[in-house]
Amino acid sequence: TSREKECESITFYFGEDRNSTEIPNALLKTAISLISFWKEKSGHEEPSDEVISFLVDLLIGGIPNSQKEDRGAAGAVFSGSKRKAVSVDQWVMLVKAQCAFIAKKAANSAPISCLPRLC
């Protein structure tokens, strides 16, 4: 059921050493929504809020041009099935983020399989 899917764990890879941790699916979805709707009011390109900057770097600070799709949101998989945890629709939402810095970073880090939908 969809409720079971919400509770399913996500294996999330980060850092150059490809460290991993398990997080709840709901936490990943919430973080994606939060940074997608973030609007930078200071006029700076990068978010001035340190927490948002940290989330952006952790979630979508992956390797540009998707050469390595194994870190951050691009590499997040459901722990049981190993299916990609971030849907194409979620990538579209990130690429259409209100903050240009976040949108650009998401576009550069999106998996190759998502690129046709991002145009």
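**Ground rules.** The model is predicted: local features need pLDDT of at least 70, side-chain atom pairs count only at pLDDT 80 or more, and totals for chains, interfaces and linings use all residues. Residues are numbered from 1 along each chain as its sequence is written, and side-chain values use heavy atoms, without hydrogens and water.

**Sheet.** I looked up the strands (DSSP runs of E, at least two residues; helices are runs of H or I, at least four, and both are numbered from the N terminus). Three of them form an open, antiparallel sheet in the order 2-1-3. Strand 2 (19-24) and strand 3 (77-78) are the edges, each pairing on one side only. Pairing takes at least two DSSP bridges between two strands. Strand 1 and strand 3 have two bridges. I found Phe 78 in strand 3 as the bridge partner of Ile 10.

Buried means under 20% relative accessible area, with a 1.4 Å probe and protein chains only. This core has 29 residues, and Leu 28, Leu 59 and Trp 91 are among those touching the most other members. Helix 3 gives the most, five residues.

I then followed Leu 59. Contact means heavy atoms within 4.5 Å. Leu 59 touches Phe 12, Leu 28, Ala 31, Ile 32, Ile 35, Gly 72 and Ala 73, leaving out residues up to four places away in sequence.

**Helix 6.** Here Phe 101, Ile 102, Ala 103, Ala 106 and Ser 109 are buried. Their cover includes helix 2, helix 3, helix 4 and helix 5.

Notes: A nonpolar core is a set of buried Ala, Val, Leu, Ile, Met, Phe, Trp, Tyr and Cys residues joined through side-chain atoms within 4.5 Å. Buried means under 20% relative accessible area, exposed over 50%, partly exposed in between (1.4 Å probe, protein chains only).
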